[in-house]
Amino acid sequence: MTTLAYNGESAIPAFAQQRQHQAHHALGTDIDLTLFGSDSDQYLQTACQLIDQYEDRLTVNRTASEVMAINHAAGQHPVQVSAATYTLVHQAVELSRQNFGFNALIGPLVKLWHIGFDNAHVPEQPAINDRLTLIDPNQVSCNDTDFSVYLKVTGMELDLGAIAKGYIADRIQDYWEAFGQRAGMINLGGNLLMVGTSPLHADGQWRVGIQDPTTDRGNAIASVTIGPCSAVTSGIYERHLEFNGQSYHHILDSKTGYPRQNDLESVTVFSKTSIDGEIETTRLFFAGQPIPGWAANRPDIYGAIFVTKQREIQVVGLPTERVTLLDKRFTLI
């Protein structure tokens, strides 16, 4: 998770005080939307309505949605969906076929473990093996002609939870910018998107905090000074299951059926769009370390910060002078 950090600065410019703020709960998380210099809260209210509309289409936590209609028809017939839903599903399926860790078909495995819910448990191996047969992205057919999606095997399920927040955040930014809103913050449960020049600091830069993986949400171990961007984190510290002296986090590996094991507590990606942040945090988390040449040809990917279980912070792509260590228990390498 990422947060806004102020680095001890107390003076807030006058423009920053002209803010509109809206709290909302959707997508299974607390949402905070802020606009600076806006003369109306209409843009915040409409943004919340957009979030709800996208959740209605994409959720798998209700019996009815466009994605659930696809899931209910698995092994039976294709389902036609709206253009927006089809576009996101198609992109998610194509990414899943690249085998770098992201898998939009992992739904049956997620529901088996159910980490983060009251009935979370460590499944028996036969149950895991059974679910592994249901998460193959090559068993999905996407028809560009009629916007239909077909899961070929009964029991398969789409789950867009690893990409939907980023997609929705980008759509909110599109809406704000279309109506001339120049500066704001979109916080979808820790997925941040900073719009325009920051009015909170004289240099116009935002301050983004890197979450302390050992304490409650909102405590930062480092601060990044950066321009308009998205900041998305994949981490193991917020949702986990404790069983027989072992801790199991929620980031499941499609190859093994178990949580991905490596030396990372978290990785945060800074990018132009939030959906790219979602994708790249997954790529880097599954790699478990910096990837040589990562994002070298992607000017819209700004950099990443890795936090290891040894309390080391490694910066990739970002100028080190823009990263300020806030917690002496951690080492900036």
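Arginine 298 is partly exposed, with a relative accessible area of 31%, where partly exposed stands between buried (under 20% relative accessible area) and exposed (over 50%), as found with a 1.4 Å probe on protein chains only. The model is predicted, so that local features need a pLDDT of at least 70 and side-chain atom pairs count only at pLDDT 80 or more, while totals for chains, interfaces and linings use all residues. Residues are numbered from 1 along each chain as its sequence is written, and side-chain values use heavy atoms, with hydrogens and water left out.

Arginine 298 takes part in a salt bridge with aspartate 300, at 2.9 Å from N to O, a salt bridge being a side-chain nitrogen of Lys or Arg within 4 Å of a carboxyl oxygen of Asp or Glu. Aspartate 300 is itself partly exposed, its relative accessible area being 23%. Arginine 298 also forms a salt bridge with aspartate 276, and here the closest N and O atoms are 3.1 Å apart. This pair links distant parts of the chain, since aspartate 276 belongs to helix H8 (residues 274–287) and arginine 298 to the loop between H8 and strand S15 (301–308), 22 residues apart; helices (H or I, at least four residues) and strands (E, at least two) are DSSP runs, numbered from the N terminus. Aspartate 276, with a relative accessible area of 16%, is buried.

In total, the structure holds 13 salt bridges. One of them joins aspartate 212 to arginine 329, with 2.6 Å between the closest N and O atoms. Aspartate 212 lies in the loop between strand S9 (206–211) and strand S10 (220–226), and arginine 329 in the loop between strand S17 (323–325) and strand S18 (331–332), so the pair ties together parts that are 117 residues apart in sequence. Aspartate 212 counts as buried at 3% relative accessibility, whereas arginine 329 is partly exposed at 38%.

Helix H2 (residues 42–58) has 17 residues, and the distance from its first C-alpha to its last is 24 Å, close to the 24 Å expected at 1.5 Å a residue; the expected span is 1.5 Å times one less than the number of residues. The buried residues of H2 are Tyr43, Leu44, Ala47, Cys48, Ile51, Tyr54, Glu55 and Leu58. Seen down the axis of H2, these buried residues fall within an arc of 140°, so they line one face of the helix, the arc being that of the directions from the helix axis to the C-beta atoms. As background, an α-helix has 3.6 residues a turn, so residues three or four places apart point the same way. The elements that cover the buried residues of H2 include strand S2 (19–26), strand S3 (29–36), helix H3 (66–72), helix H4 (83–96), helix H7 (164–178) and strand S7 (184–188).

Glutamate 55, found in helix H2, counts as buried at 13% relative accessibility. Residues up to four places away in sequence aside, glutamate 55 touches Ala26, Leu27, Gly28 and Arg62, where contact means heavy atoms within 4.5 Å. Cysteine 48 counts as buried at 6% relative accessibility, while cysteine 142 is partly exposed, with a relative accessible area of 22%. The structure holds zero disulfides, a disulfide being a pair of cysteine sulfur atoms within 2.5 Å.

Strand S7, one of the elements covering H2, has five of its five residues buried, so it is largely enclosed by the rest of the structure. Both faces of S7 are covered, with Gly184, Ile186 and Leu188 buried on one side and Met185 and Asn187 buried on the other. In general, the side chains of a regular strand alternate between the two faces of the sheet.

S3 and S7 pair in the antiparallel sense over five bridges, two strands being paired if DSSP finds at least two bridges between them. Isoleucine 31 has leucine 188 in S7 as its bridge partner, and leucine 35 stands opposite glycine 184 in S7. S7 also pairs with strand S8 (residues 191–195), in the antiparallel sense and over five bridges, and asparagine 187 stands opposite leucine 192 in S8. The hairpin of S7 and S8 has two residues between the strands, and in this hairpin glycine 189 takes a positive phi near 65°. These strands belong to an open sheet of nine strands in the order S2-S3-S7-S8-S11-S14-S15-S16-S18, with mixed pairing. S2 and S18 are the edge strands, each of which pairs on one side only.
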